[in-house]
Amino acid sequence: MDEFDIERVADPDLDEPVLVEGLPGVGHVGKLAAEHLLEELESELVRRVYSTHFPPQVSIDDGQAQLACAEFHAVTPEEGQDLLVLSGDHQAQDNQGHYGLTDTFLDIADEFGVQRVFALGGVPTGELIEEYDVLGATTTEDFKETLEDAGVAFREDEPAGGIVGVSGLLLGLSKRRDVPASCLMGETSGYLVDPKSAQAVLEILQDVIGFEVDYSSLEDRADEMEEVVRKIQEMEQQNSPSPADEDLRYIG
């Protein structure tokens, strides 16, 4: 197998599509968002990308094995722009792979005439939160103004340390290709899979692009995660020492 191997599955005609990337990351925010788009909107698998930089494994679905890969689906909603959605279960395991895969992804986007790029992800807060802001980073001032109007927050020096992985490289390498790109990052604790953050990101994207999706399934998953958090908090409270125990340990 080649270092970066593209399987051509279908070649639909798309009208100036927008690339939407949602690969695994903090809180699985981008992955959840991309998968929800594909669940709610009619889509067609168009490309698979295999690479020796992915983990050496296969996924199993109903007994069928599938080599680790990233997938592109074409989405043509009744309202809004056509989409090219990049999803998958893995990112590259090394720096060279990240660069090579991102270049390959952008080559495929170019084949389909992509005009704008949106990378979706999460930014960790380190604590459980109630209100989910969406932070942004862009390659053009026009793009920034559009996203600010949609409610995206642009904060100096955030996220700390920049944006790593495919989401960050999509911005950097798209800029070198003169393709406007942005990263939408939902705030998340970073401890658990976060459907609420994914919904916050999708609502911004929906406002900017104009598609319509139902969020019921994401809301149901969010309720399930809240129950998990509640149980974790109860366990922590049960296992935390009482003031008397603390005093005894101090005295001893």
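In the predicted model, helix α1 (residues 29-40) lies across β2 (18-22), β3 (43-51), β6 (70-75), β7 (83-88), β8 and β10, and runs at about 130° to β7. Helices (H or I, at least four residues) and strands (E, at least two) are DSSP runs numbered from the N terminus; contact denotes heavy atoms within 4.5 Å. Axes are lines fitted to C-alpha atoms, for helices over the stretch in contact, and angles between N-to-C directions run from 0 to 180 degrees. Helix α2 also packs on the sheet, where β1, β2, β3, β6, β7 and β8 are touched, and the direction of α2 makes about 30° with that of β1.

The model is predicted, with pLDDT of at least 70 required for local features and 80 or more for side-chain atom pairs, whereas totals for chains, interfaces and linings use all residues. Residues are numbered from 1 along each chain as its sequence is written, and side-chain values use heavy atoms, with hydrogens and water left out.

The open sheet comprises 8 strands in the order β1-β3-β6-β7-β2-β8-β10-β9, with mixed pairing; two strands pair if DSSP finds at least two bridges between them. Because β1 (4-8) and β9 (134-138) stand at the edges with a single partner strand each, one side of each is left without a neighbour in the sheet. On average, neighbouring strands of this sheet are turned by 20° against each other, direction ignored. Strands β8 (residues 116-124) and β10 (residues 181-188) run parallel and are joined by 8 bridges. Pro124 has Thr188 in β10 as its bridge partner.

Helix α2 (residues 95-111) packs against helix α4 (residues 165-176) at an angle of about 60°, with the axes 9 Å apart. The two helices α2 and α4 are therefore oblique to each other, given that angles under 35 degrees count as roughly parallel, over 145 as roughly antiparallel, 65 to 115 as roughly perpendicular and the rest as oblique. His98, Tyr99, Thr102, Asp103, Phe105 and Leu106 of α2 make the contact with Gly165, Val166, Leu169, Leu170, Leu173 and Ser174 of α4. The residues of this contact divide into 7 nonpolar, 4 polar and 1 charged; Ala, Val, Leu, Ile, Met, Phe, Trp, Tyr, Cys and Pro count as nonpolar, Asp, Glu, Lys and Arg as charged, and the others, Gly among them, as polar.

Helices α1 and α6 (residues 216-239) pack at about 140°, with their axes 10 Å apart. Leu32, His36, Glu39 and Glu40 in α1 meet Ser217, Leu218 and Arg221 in α6.
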